[in-house]
Amino acid sequence: MDQVIQLFENTFHSTKRNEDEKILTKTMINNYAKGKLLIPIKNKKYSKDHLILLSLIYQLKSGLSINDIKATLDGINQRLTNEEDFDLEAFYKSYLALHNKNAAEFKENIDIKVNDVVDVLGSNDDEHLKKVLLILSFITASQFYRRAAESLVDELTINELDEKKKSE
């Protein structure tokens, strides 16, 4: 477990806001395992699939509740547990491709949002007001995306309930 924590600290170090922030702790991993966000860990050994799932959890936890993360990953965990032919690594590579595309689009959108703030304020050169409006703009966009993600989680949950009813 210590090696997993160290790997995550090294890999995601640049995402930390400050040095005191923890990327992953033993308690987090244990809670994820108990909450069935991860496939079962065998003999205290973590597979590549566990590392990928932990990485996905890390990405999701900044915007979703633990229950929503569980609902999101439940289908993947079931596939890993029941269907030996599910290629989690290929799925993760697809996610990374989207991540890189989103990062590039984000950089472009930052410039657009800065220009929008300047346009809205007109001739007012108050840097404090510009930063506050930019913060508000970022948070608003973040909330829109989070709500869209939550709606998709709700759809996953409803679809899963419907499938359980059909199989009964």
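The structure holds four aromatic pairs; here, rings of Phe, Tyr and Trp (its six-membered ring) pair if their centres lie within 6.5 Å, with planes under 30 degrees apart called stacked, over 60 edge-to-face and the rest tilted. In one of them, the ring centres of Phe-8 and Phe-12 are 5.5 Å apart and the planes meet at 40°, so this pair is tilted. Bear in mind that this is a predicted model, in which local features need pLDDT of at least 70 and side-chain atom pairs count only at pLDDT 80 or more, while totals for chains, interfaces and linings use all residues. Residues are numbered from 1 along each chain as its sequence is written, and side-chain values use heavy atoms, leaving out hydrogens and water.

Why do Phe-8 and Phe-12 sit about one helical turn apart? They are four residues apart in helix H1 (residues 2–12). Helices here are DSSP runs (H or I, at least four residues), strands are runs of E of at least two, and both are numbered from the N terminus. Phe-8 is buried, with a relative accessible area of 4%, and Phe-12 counts as buried at 10%; the cut-offs are under 20% for buried, over 50% for exposed and in between for partly exposed (1.4 Å probe, protein chains only). Phe-86 and Phe-91 make another tilted pair, 6.4 Å centre to centre with 45° between the planes. Phe-91 counts as partly exposed, at 37% relative accessibility.

Now follow helix H5 (residues 88–121). Its 34 residues reach 48 Å from first C-alpha to last, close to the 50 Å expected at 1.5 Å a residue, where the expected span is 1.5 Å times one less than the number of residues. At the start of H5, a side-chain oxygen of Asp-87 comes to within 3.2 Å of the backbone nitrogen of Glu-89. Leu-88, Tyr-92, Val-117 and Leu-121 are buried in H5. The buried residues of H5 pack against helices H3 (48–61), H4 (66–82) and H6 (127–167). After H5 comes Gly-122, with a positive phi near 65°.

Stepping back, the protein chain has six helices and zero strands. Its radius of gyration is 20 Å, whereas a compact globule of 168 residues would have one near 15 Å; the radius is taken over C-alpha atoms, and the globule rule is 2.2 Å times the number of residues to the power 0.38. Of the 168 residues, 23% count as buried.

Key: Contact = heavy atoms within 4.5 Å. Polar contact = N/O pair within 3.5 Å; in protein donor to acceptor, adjacent residues only side chain to side chain.
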